[in-house]
Amino acid sequence: MSAAVFFGCTFIAFGPASALLLITVFGDPLRVIILVAGSFFWLVSLLLSSLIWFIAVQLSNKENRNVQRGLLIMGAGISVLFQEAFRFAYYKLLKRADQGLVAISEDGQSPITIGQMAYVSGLAFGVISGAFSVINVLSDSLGPGVVGVHGGSPYFFLTSAFFTMALVLLHTFWGVVFFDACEKRNWLVLAVVVSSHVLTSGLTFLNPWYVGSLVPIYGLVVAMGTWAYCTAGGSAHNIWRCFTCPKKPDPHVLIYSTLRNPAED
């Protein structure tokens with residue numbers, strides 16, 4: 001049973017991300033490089049925020065649970081700010097790299113657009129963030145032990161997997177909207193992205209009241225996904241065409257003529 005829980009939760013958490021990676025990233029070496037570099041930037045942000053939280057814990061009263069919970073909330077907020085700061089730094093780095101690619105290209109055009117960079121970097125942040133958030137949970141799901149024996153929720157592993165999936169998708173959507181806002185210098189949109197990230201992290205403190213945390217988070221997934229889709233140039237007409245799959249009219253005109261038998265000698 002533990003193996004089934006492990007593989008089931010893994011596929012839920014990383015199924016959509018794996019599909020996106022296989023279909024849209026791994027076939028292009030440049031996108032793979034952007035993916036790996038984006039993961040490194042997220043890891044550095046995690047290292048710095050963890051260091052600040054660790055120092056704060058060591059200087060505080062470890063016996064006071066309220067103080068420790070407050071430091072945990074503070075650490076989550078600082079972590080979000082560091083992640084968004086490093087997302088901005090990564091945007092600046094990619095812009096400089098894009099200028100270099102344009103300079104060395106034969107046709108004077110970049111082989112990758114800023115929108116594609118935003119998508120891949122957001123996916124990189126999401127995958128590495130999801131891996132760090134759920135890896136210990138998946139390890140515990142292999143046993144020994146049973147969830148819920150001491151009053152805990154039996155849906156802990158399942159809800160953790162769904163939260164990880166939402167986090168991966170949100171980071172992808174945040175990346176698209178964030179980079180577009182940086183291009184247009186729209187600071188209000190940047191503030192909205194950072195605020196929604198803070199809200200998502202804050203909602204996790206409502207656990208184990210999963211209805212109060214997962215439902216709003218998936219509401220944010222739908223809202224940010226729609227926003228990112230429109231930012232990338234999507235429309236309702238494109239969605240309709242995707243589901244209806246209309247056949248394109250054949251541009252070729254066939255001219256039929258009467259075939260006559262060859263004349264007899």
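Is E183 buried, partly exposed or exposed? At 34% relative accessibility, E183 is partly exposed. This is a predicted model. The chain is built from 8 helices and 0 strands. Of its 265 residues, 34% are buried.

**Salt bridges**

- The whole structure holds 4 salt bridges. Side chains of opposite charge can pair when their charged atoms come close.
- E183 pairs with K95, with 3.1 Å between the closest N and O atoms. K95 is partly exposed, at 24% relative accessible area.
- D180 and K184 form another salt bridge, and their closest N and O atoms are 3.5 Å apart. Both residues sit in helix α5, 4 residues apart, or about one turn of the helix. D180 is partly exposed at 22%, whereas K184 is exposed at 61%.
- R31 and D28 also meet through their side chains, at 3.6 Å from N to O. R31 counts as buried, with 18% relative accessibility. D28 is partly exposed, with 25%.

**Helix packing**

- Two packed helices are described by the angle between their axes and the distance between the axes.
- Helix α6 (residues 187-203) and helix α7 (residues 210-231) have axes that come within 9 Å. These axes cross at roughly 155 degrees. Angles over 145 degrees count as roughly antiparallel, and α6 and α7 are therefore roughly antiparallel to each other.
- The crossing of α6 and α7 is left-handed.

**Backbone features in loops**

- Most residues other than glycine have a negative phi, and most peptide bonds are trans.
- R185 has a positive phi, near 55 degrees, and is not a glycine. R185 lies in the loop between α5 (156-184) and α6. This residue is exposed, at 59% relative accessibility.
- N207 and P208 are joined by a cis peptide bond, with omega about 10 degrees. P208 is in the loop between α6 and α7.

**Nonpolar surface patch**

- L51, W53, F54, I55, L59 and L72 make up a nonpolar patch on the surface. Together they have about 620 Å² of accessible area.
- Helix α2 (residues 29-59) contributes the most to this patch, with 5 residues.
- L59 is located in helix α2. L59 is exposed, with 73% relative accessible area.

Note on methods:
Residues are numbered from 1 along each chain as its sequence is written. This is a predicted model: local features need pLDDT of at least 70, side-chain atom pairs count only at pLDDT 80 or more; totals for chains, interfaces and linings use all residues. Side-chain values use heavy atoms; hydrogens and water are left out. Patches are made of residues with over 30% relative accessible area and no salt bridge: like charges are joined within 9 Å, nonpolar side chains (Val, Leu, Ile, Met, Phe, Trp, Tyr) within 5 Å. Accessible areas come from the Shrake-Rupley method with a 1.4 Å probe; for residues, only the protein chains shown count as cover. Helices (H or I, at least four residues) and strands (E, at least two) are DSSP runs, numbered from the N terminus. Buried means under 20% relative accessible area, exposed over 50%, partly exposed in between (1.4 Å probe, protein chains only). Axes are lines fitted to C-alpha atoms, for helices over the stretch in contact, and angles run from 0 to 180 degrees between N-to-C directions. Angles under 35 degrees count as roughly parallel, over 145 as roughly antiparallel, 65 to 115 as roughly perpendicular and the rest as oblique. A crossing is left-handed if the near helix is turned anticlockwise from the far one by less than a right angle, and right-handed if clockwise.
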